[in-house]
Amino acid sequence: MHQMHGTGETGAVQPAIELRGIDKRFGAVHANKEIDLKVDKGTIHGIVGENGAGKSTLMSILYGFYQADGGTIHVDGKLCDIKGSEDAIAAGIGMVHQHFMLVETFSVLENVILGVEGGAVLRDGVDKARVELERLEREYSLDIDPDAIVGDLSVGLQQRVEILKALYRGAEILILDEPTGVLTPQEADHLFRILATLKEQGKTVVLITHKLREIMAATDNVSVMRQGAMVADRKTAQTSPEELSELMVGRRVLLRLEKGEANPGATVLQVNDLCVDNAQGVRKVKNASFTVRAGEIVGIAGVSGNGQSELLEALGGIRSASEGSVLLNDQDVTPGKGVDAAELRKRGVAHVPEDRHRMAMVTGFTAKEAAILGYEDDPAYNNSILLDWHAISKATANMMLEFDVRPDDPDLKAANFSGGNQQKLVLAREIMRDPELLLVGQPTRGVDIGAIEFIHKRIVAMRDAGKAVLLVSVELDEIMSLADRILVMCDGVIIGEVSAAEANERVLGLMMAGVDPNEAKAVEGQA
Amino acid sequence: MSNVVQLPRWIDVGVLPLLNLLLALVVSALLVLAIGENPVEVVEILLYGAFGYDEAWGYTLYYTTNFVFTGLSFAVAFHCGLFNIGAEGQAYVGGLGVTLAALYLDFLPFPLMLVVGMMAAAIFGAAWAYIPAYLQARRGSHIVITTIMFNFIASSLMVYLLVNVLRPQGSMTPESEQIAEHLRLPFIHDMAAAFGIDMASSPLNLSFVYAIAASILVWMFIWHTRWGYAIRTVGANAVAATYGGIDPGRYIIIAMMISGALASFMALNEVMGVQHRLLIDFTAGYGFVGIAVALMGRNHPFGIFLAALLFGMLYQGGAELSFEIPTISNDMVVVIQGLVILFTGAMEHMFRPRVTKIYTAWRLRRDRMEAA
Amino acid sequence: MENFELVILLLDATLRTSTPLILAALAGMFSERSGTINLALEGMMLGGAFAAAAVAYYAGSPWVGLLAAIAATIALSLLHGFACITHKGNQVVSGMAINILMSGFTALVGIALFAQGGKTPALDKASRFQPITLPGAEAVRDVPILGPIYFELLSGHNILVYIAFFAVPAAWWVMYRTRFGLRLRAVGENPGAVDTAGISVVLMRYRAVVCSGVLVGMSGAYLSTAQGASFLQDMTAGKGYIALAAMVFGKWRPFPALFACLLFGFLDAAATRLQGVILPGIGEVPVQLVQALPYVLTVILLAGFIGRATPPKALGRAYVKER
């Protein structure tokens, strides 16, 4: 099958891409360590690794976005000196970035021809482009109107515009960086069908992801990266998710955290028919109703972008509710009407937000300044009108001791701590207020393995101390190991609840794809 | 993380701004050379004009007073992430407040007038800053453009008021009546004379003392109160502020109103201290100098005071310059001002990579030598 | 009939006053659509006006003066670009710096060269752009209605006025119908898209600010060698800022910006004519109000009360590759 597209050299097929000894540092961070990689022509090749393992950096080097400090790139057996995106494009490489590189005010057509306009005056190129575009759309069933404004398209369609861009440039090799992170399950399925078509046409696909399910389902070969190094190459058919996850993290993962039975008490948080709209007026949370009781962890699972973030932010007082109500210990705290994040903190709600750098801290502040965010009004931190920096330093030092934050210097800039230590500082700030309710989103995103275990234990400890915990995470493993009850969100709707005992990846996966819970359980029963 | 070399504070807030300032002065010197004069002579005249005799000191500090106020004004807004280009207009309108208070409340005794005048300036200046602030906070209008527009609107408004309302009957010049003698801020030389100290007479007045007090208050406010903390949080990361329960819009408005009030205190110096009446364009670009002063002073009151002193010196020395060397007008000072904004503001990062490299190399060598 | 003539004269004056605004507003548009804020229009216009007048005086030709003005403003644009694009400096600060720098520089050099208190020597006829009589203007002069419109209003302007009005459709064509325009608009919306398409963001933005320099240079030359006959200290008197306001008012698009320039130009022309005029029922017209109107209107627009002005998405942000 591959022979058809081979280079014809004495039977041996040249790999489509060969990387030799690629090395890259960002300041002190050794992002890529002497990476070797071979990708066969006409295959779908997966690259897996945890967040921060260096996958995206490697592919950005291949696409000319960064320059490697050392090593060589060979495309179709020829040494390629890729200095910028234009060289990569010329070598037949296309890339679909994690954050789309699209001009939202432009039409699909304008986006596609950007950089390959075919003449100084647009008119000459546009007609030709339209014909070619229609051919590509038919061939790969991409289903996009070339005159639609990109900003009006759904995320899934925008991603197809990116694919179209690459194909239009004659890409033979297509790199996709975490393509499903923002997609609904249906959109993801469609994407994988498109990738299969590409493969049939003899194109080579490199799929970067940290989701093992996708690797197992879609790829022919898989390479595993860990902490900047390439640690293994496998044929997908000859490996298992267990082996891959072990390779990714370097030791057997503690999939189930040791924790006792939950002992739920009175209802702390009651959410009734809550609706939340985003800034553009699109309804992101639709009639959510649920409770969280003292002494239990309720997890919210779902594909990223299905309303969990907005729900968490609303409960934290950052977004207003459009409809519905929120009760905390039977008192109305519906966000928006005079209830903001400050008011909720006063009433005993602590919030560890999903996005640490964007929301949880000001990275330019010192640790002690970061440690009072949201609590700067606390009398303990103020001498009448002036802030009591001495007391704040002491409190910060105490947080650092209690949560093992290193280095334990309250005067160090927050940006100079590692992700795990930043997160521990945020958790310390929120948990040490002894709140009634802890809202926590993606608690271990971008956090090193050692810290993950520590953070999980602290969250369980909160539960065991009789506090209510609401956990939002897109990592199913995390949800399943921490939560006592699991709610699944899809397209803004809480479509069902599963107890920890009956939860498994398949049932949750089906529900996350929008399948009715009873049906999902039935399907699981048949399997 | 350990081998990321962070520049020590003394380089960050000392060496780098000085290098940028030096570059601005070198370019100015080249310009002087190009005109065919001797830069060394120019510097001598500048320094003599600014500090060479008793009276000069007074003038230098009088200009410094204005620049401290407008520099602080820019800095407070800047800490909230805002570019307040409108100090000029805010000070202008603040001057109206002082003048109205002094003209219509002239029965007040001086100590009371001191407070009332200050409050009138602050209220008018803050009110003028409020509209752009509100539009930024609640309707997302870009504050740079709106404050520029408000400078022009203030200018038209004040011309209208001076020509049609405030001009005394029979007078042809568009300026207000003189404010009563007992309401004027005392000159420093008069105050010194009361203590038996003999000082040359100059426009330097009580507002200089107030400028120093304002610097200290701003420092305390920004770094040692929860409101200052809130303002800095909004400036650095508005999303994090919202998360922390700090309403960015509210603090944008607060910071801008404080900024407007600080700018308007310049009117105390000019109207109550020196001119004793409201003149057309009495702000004379001091509001814009405040941008240079704040940027050079790294938006810290102490740095702002030093930068204000530098510009005070340039302004006073520049007047001497045009007197001594006819081919060089005191526009030279405006040029230097532009270059300082350019090099310490817009190109502030120009030397950073190089300095970091040199410093890192030096550190590594020292570490190696210590290890050996 | 007298009223008709008055209207013609007023509109005629509007064309003259709006010409420098149009050129500068288009200049601002090229820069800002590529993502670089250009507050320096005022200073560049001033620099261009000075260069044009000084060089035209020595060379005895307005065309050489115009070239000098364009060269000067391109140099200033490159300086702005060096600060904002290369060194990723703050674009607002850089713009303010250039404005202040030029305010001092033109006066300083003017005094050093000519010793006339910051003015340049008055230009003779040959060194200025002269009115052009359009073909047939004399012939139709006495035809009622159309005659005055053609002779007074359309004919008899200098070449820069015609260039300015021609520049608007030209700018539109470049912006929306050429590869250069497509890339320029893209780089102001999402520089990442341009970078990954294999086009240099830095080079693209430099080209945009150079275009900006060419246009604003012409508007400066217009002030000192076409409308006026010499350079005067601070002669732009805020026109750069009005042009900026017009560009914002025109939502960063050529034809709406032209409309805004004509409106602002008209207000300016009207204010001059209304000085001291007493209108029945209203009394003396507050000229200052008319003068402040462009700024007030722009603020109202920015506040979102009459439509939304959405700036280019990447405006004001230097391009840093994401990690």
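Where chain A meets chain C, the contact draws on 23 residues from chain A and 18 residues from chain C (two residues are in contact if their C-beta atoms, placed from the backbone, lie within 7 Å). This is a predicted model: local features need pLDDT of at least 70, side-chain atom pairs count only at pLDDT 80 or more, and totals for chains, interfaces and linings use all residues. Residues are numbered from 1 along each chain as its sequence is written, while chains are lettered from A and ligands numbered from 1 in the order in which they are written.

**The side of chain A that touches chain C**
- α2 (85-90) and α4 (122-139) of chain A each bring at least two residues to this side; helices (H or I, at least four residues) and strands (E, at least two) are DSSP runs, numbered from the N terminus.
- The largest share, three residues, comes from α2(A).

**The sheet in chain A**
- Six strands line up as β6-β7-β8-β3-β9-β10 (chain A) in an open sheet with mixed pairing; two strands pair if DSSP finds at least two bridges between them.
- β6 (93-96) and β10 (229-235) of chain A sit at the edges with a single partner strand each, so one side of each has no neighbour in the sheet.

**Around β6**
- β6(A) pairs with β7 (residues 173-177) of chain A in the parallel sense, over four bridges.
- In this part of chain A, Val96(A) stands opposite Leu176(A) in β7(A).
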